[in-house]
Amino acid sequence: MTEQNSEPVWLTVPDLTTELGLEVSRVRRLLEEHYLLAIRIDGVLKVPSSFILDGEPVHNLRGTIMVLGDAGFSDEETMQWLLEPEESIGIAPIEALRQGRRSEVRRVAQALA
């Protein structure tokens, strides 16, 4: 799993089918519906492993992705914001979401709008 202050471990769509126990079409739907966020790295769609917790997408990740998208963030900007330490939170927003700190993360995300 991803450790704070280290490079993310990236999962491809085939990796996600194994990790989540889902068909490719269902994984693609999770991406389309923003339950997960992927960016292209060397032409391949990839998702950080930190976006998965207990065999499913991190709870409340979708809402945070949508708040940032509504604020005009691109997928790449959203990914960067989620993965990099956020001073006002004290850790990367994805790590705060993994800890159940949704309200704090959303408050900061909404302030960016």
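This is a predicted model: local features need pLDDT of at least 70, side-chain atom pairs count only at pLDDT 80 or more; totals for chains, interfaces and linings use all residues.

**Surface, fold and details**

**Exercise 1.** Find how many helices and strands the protein chain has, and in which pattern they follow the sequence.

*Solution.* Start by counting: the protein chain contains six helices and five strands. Next, read along the sequence, and the pattern is β-α-α-β-β-β-β-α-α-α-α.

**Exercise 2.** Work out whether the radius of gyration of the protein chain agrees or disagrees with that of a compact globule.

*Solution.* First, take the 113 residues: a compact globule with that number would have a radius of gyration near 13 Å. Then look at the protein chain, which has 13 Å, so the two agree. As for its extent, the C-alpha trace spans about 35 × 25 × 25 Å along its principal axes. Finally, turn to burial: 40% of the 113 residues count as buried.

**Exercise 3.** Locate G72 and decide whether G72 is buried or exposed.

*Solution.* Step one is the location: G72 sits in the loop between α3 (61-70) and α4 (75-83). Step two is the relative accessible area, which is 56% for G72. Exposed means over 50%, so G72 is exposed. To finish, follow the chain to P85, 13 residues apart from G72; their C-alpha atoms are separated by 20 Å.

**Exercise 4.** Identify the residue that lies over the face of Y35.

*Solution.* Go to the ring of Y35: R62 lies over its face, at 4.6 Å from the ring centre. Now search for aromatic pairs, and you will find zero in the structure.

How values were computed. Residues are numbered from 1 along each chain as its sequence is written. Side-chain values use heavy atoms; hydrogens and water are left out. Rings of Phe, Tyr and Trp (its six-membered ring) pair if their centres lie within 6.5 Å; planes under 30 degrees apart count as stacked, over 60 as edge-to-face and the rest as tilted. A charge sits over a ring if NZ of Lys or CZ of Arg is within 6 Å of the ring centre and within 35 degrees of the ring normal. Helices (H or I, at least four residues) and strands (E, at least two) are DSSP runs, numbered from the N terminus. The radius of gyration is taken over C-alpha atoms; the globule rule is 2.2 Å times the number of residues to the power 0.38. Buried means under 20% relative accessible area, exposed over 50%, partly exposed in between (1.4 Å probe, protein chains only).
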